[in-house]
Each structure stands twice: as structure tokens, then as C-alpha cells.
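Visitor: Please pick one part of this model and go through it closely. I would like to know how the pieces there pack, and then how that part sits in the rest of the chain.

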Amino acid sequence: MATPLEHIHPRNLKHLADRLQGLVRTRLWAQVLVGMALGIAVGIAIGPSFGWLAPRTAYVVGEWLALPGLLFLALIQMIVVPLVLSAIVCGIAATADPGQLRRGGLWLVVYFVVTSIIATSLGIGLGLIIEPGSFIAAPVGAADAIPEVSGEAPVVAFDAFPSQLVSIFPSNALGAMADGQMLQVVMFAVLIGVALVSLPAATARPVLDFLSSLQALCMTVVGWAMRLAPLAAFGLLARQMAGTGPAALLGLGAYIGAVLLGLLCLLVLYAVIVRVLGDGRPLRFLTQSGEAQLLAFSTDSSAATMPVTIRVAEERLGVRPSVAQFVIPIGATVNMGGTALYQGLATVFMAQVYGMDLPLAALVALVVTALGASIGTPATPGVGIVVLASVLTSAGVPVAGLGLILGVDQLLERFRTVLNVSGDLAACTVMERWLGGGPAPGAEQHDLPAVDGPRLTGSGPAD
């Protein structure tokens, strides 16, 4: 029996990938790398190490150099909520089989939670093995800020769990959007998408038309912001280096190496997951994901990369549109494997810098806290360090130590975004198999037609 929305397939988000395709062809990622290198060099030259400028003058120059970066962050953060909202709703509405939607939603939650826990545990394990915090001294005067840490983990208030569970549903959807509460926005979008599936076509069509136009509008703004990406990388790093000097890079070499090693191990883990739980072709996954990964590195935003990620999933990895459009918009907001690994490793690093021992119970609590923090992290640049502050606080580690890693966070965040996008693509291959699609060799097995606009007549193929 045909479902109502088979008559009005919403516009596929991947059709907006053409607006970002030029950024890949013009090697935006290479421009960003050049901008980062120049930013580090200029920041060191005007900073305290060389003293080419007076401290006050260097501060003013750094602020002006960072202006394109601040504009870039503002544009992406401004547009991420409507982009994620419209993408999730249209992705769910594109699922022609309500049974698939119910099964997919349950398995997707399980998959995201398990992989995020594994990523956080991997980061903590590498931190304990490599001990990058032993290679650097704590900031001067910070010893007084070290709190008393007991050997017991925080007590979980199980009686408060029901109210915490209900809190992920927004009591005021507009308020959640205004405050940037991404987890609540995701839940609202999921509910709206499921409700649209149950509505008659004539009733759902105006909403889907509006959301399709909203997607196009958001991606237009994203395209404008991407023009600033190389200048943003240059300016933000120049300002940071002008304040911290080269010691922020040289003294944190072990920490940077540990994070990059952890992210590489996580990428290998995703390939293993594709081999065991997905389509069984990890080499194709690694080679065909490059386009989305390069754009993720360039934009530093998994939300802005969504159209290209969906295109890669459908055309390169053979994932059905109904699966890709459902998994990737949700994954771009709640599936943050790279971020989860980073938060676990960074917390252990900070504790080692301050000479703190985290007992096993505290490490278990850290896994839970980092899991929740990574799920609620907006898919926008620059927020990772803010979320890390809340994780450090919950672990009893001084937040003042964030000053140690601010100089390198701009660089590492781009690599984390690459792993976040890779995790979404791996999830697509797994869900494609779990939902009964099996290994799909190409786009010819897609169950929904690739269309350039809303389809208002005719009948789509039923599953």
C-alpha cells in the first residue's frame, strides 16, 4: 500500500552539493592549509617571541586579522539550526516505508551511542598509554586552582533520570532554536518528520516545499561563508599565535600527535565496522569518502558538508537515498565520534598536566559525560573547546588549563570534523545493510528517484 508522501518526494539535499562542488575543485582544503601556515607564521612574527610589534599593537592587529574568521563563525552558527532542521525533516519524509523508519530509528540510536562510547574510550586509553600531559608543565600559578579530587565518581541520581530524559524534548521549540539547543532541535525535527509521514499528501506538501526552499537558502549562505574559509583559518590562527607564541605548538607536540593518532585509529575502526557490519568493502569506503572528507576539513563543519556527504553516500557508496537522507542529517548533529575521542583524550591530558589521578570510577563517569556532550555539540566550527570546558568541569579538572590547547585547537578541530563526517558515512553503509538493502553496488538500486524538485504527481515505487 502506497504511503501518502510517495506522491511528493521532498527535494533531495544532495542536489545542493553542486554549490559546494566548486570548493572541492578549487582545492579549498589546500587554500585552508596555506592560510593556516601563513597565520601561524604571521602570528609568531608579531607575537611576543619576535616582538616586531608592541604587545598592545600586536593585540589590535590580531583582532583585525581575525575579523574574517569571526564573520565565518557567525555565518555558520547562524545558519546551522535551520539547515539541520530542514534536512532532518525532509530526510525522514523521504523514507517511503514507515516500518523502515521505525526500525532505522531504533538501530541508529543504538549504533551512534555504541560507537561514541568506543571513540571516547579509545581517546581515554591512548591518553593513559601515551601520557602526553607528562611532556608539559602546568601553567604558572594554576596549582591553586586544582580542586580536591576524591577517588569516587560522581553519584548518578537515578531518580532524576526521568526528568533528564524528558528534557531532550523542547517545551518551546522556538526557544530551543534560539538558544542553539541542538539535541532538542533534532528531537523536534524528528517528531515533525514522522508526523509529516502520517499526513495526507495535500497537507504535507506546503511544509515540504517550504523546507526545501529553506535548505536552498541555507546552502546559499553556507556558500558565502565558505569563501571566507582560508582567510578565517589565517586570521584566527594569527590572532592565537600572536598571544601564545610558538610554544603553544612546540610544547604540545606529544598532545597533537596523540590526538592525530587517535583519530587515525578511529578511522581504521570505521573501516572495520564497514567490513563487519556494513557492505564488506572497507577499501572502497576509505577511497570514495575523500571528497566529503576534504570539504569537511576545509569548512570545519559537518553540517555545512551535508549535501556533499549525502552525494558521496548515494553515488560513491551505493546507499539508497531514503537511508542517506535519514542518517546523515541526524548524524551530522549527534554522531560526533571524532569529538568524543578528542574530549576523552583532552580531559586525561589536562589531568596529567595538573598531576591529577583519575580513578576507574571517574573514567567511567567521563565516558558518560563525554558521550552526552558530543551528542549535544552543534555541528559548527569553534564550539568544541566550549563543550570541552563542561566536560572538564564534570571531571573536576581545572578549566583554566584550556589556555594550553587554544593555540592548536583550530587545527585539530578540522581533523575531528573529518572523522565526524567519516563516521556518518560508515553509519550509512551499516544502516543500508541492517534495513534490508544489502550491499548496493551503485545508484541503480536506489529506491527513490533522484529529482531536482518536489514531485507532485505520479506514484513512487513502494517497498
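Guide: Axes here are lines fitted to C-alpha atoms, for helices over the stretch in contact, and the angles between N-to-C directions run from 0 to 180 degrees. The model is predicted, so local features need pLDDT of at least 70 and side-chain atom pairs count only at pLDDT 80 or more, while totals for chains, interfaces and linings use all residues. Residues are numbered from 1 along each chain as its sequence is written, and side-chain values use heavy atoms, with hydrogens and water left out.

The part to look at is the pairing of α14 with α15. Helix α14 covers residues 290-299 and helix α15 residues 306-316; they pack at about 170°, and their axes lie 8 Å apart. The two helices are therefore roughly antiparallel, a label given to angles over 145 degrees. (Helices are DSSP runs of H or I with at least four residues, strands are runs of E with at least two, and both are numbered from the N terminus.) On the α14 side the contact (heavy atoms within 4.5 Å) is made by Glu-291, Ala-292 and Leu-295, and on the α15 side by Val-308, Thr-309, Val-312 and Arg-316. Sorted by class, four of these residues are nonpolar, one is polar and two are charged. In this sorting, Ala, Val, Leu, Ile, Met, Phe, Trp, Tyr, Cys and Pro are nonpolar, Asp, Glu, Lys and Arg are charged, and the others, Gly among them, are polar.

Apart from neighbours within four places in sequence, Thr-417 touches Ala-296, Asp-300, Ser-301 and Ser-302. Its relative accessible area is 6%, so Thr-417 is buried; buried means under 20%, exposed over 50% and partly exposed in between, with a 1.4 Å probe and protein chains only.

Helix α16 (residues 321-334) spans 20 Å from first to last C-alpha over 14 residues, close to the 20 Å expected at 1.5 Å a residue; the expected span is 1.5 Å times one less than the number of residues. Because 14 of its 14 residues are buried, α16 is largely enclosed by the rest of the structure. Helix α17 (residues 337-353) reaches 24 Å with 17 residues, close to its expected 24 Å, and 16 of the 17 are buried. Just after α17, Gly-355 has a positive phi of about 70°.

The largest nonpolar core has 116 residues, and Tyr-255, Val-327 and Ile-405 have the most contacts inside it. Such a core is a set of buried Ala, Val, Leu, Ile, Met, Phe, Trp, Tyr and Cys residues joined through side-chain atoms within 4.5 Å. Beyond its neighbours within four places in sequence, Tyr-255 has contacts that include Tyr-342, Leu-345, Ala-346, Phe-349 and Ile-405.

For the whole protein, there are 20 helices and zero strands, and buried residues account for 54% of the 463 residues. Of the contacts between residues at least 6 apart in sequence, 86% join residues at least 24 apart.

Methods:
Angles under 35 degrees count as roughly parallel, over 145 as roughly antiparallel, 65 to 115 as roughly perpendicular and the rest as oblique.
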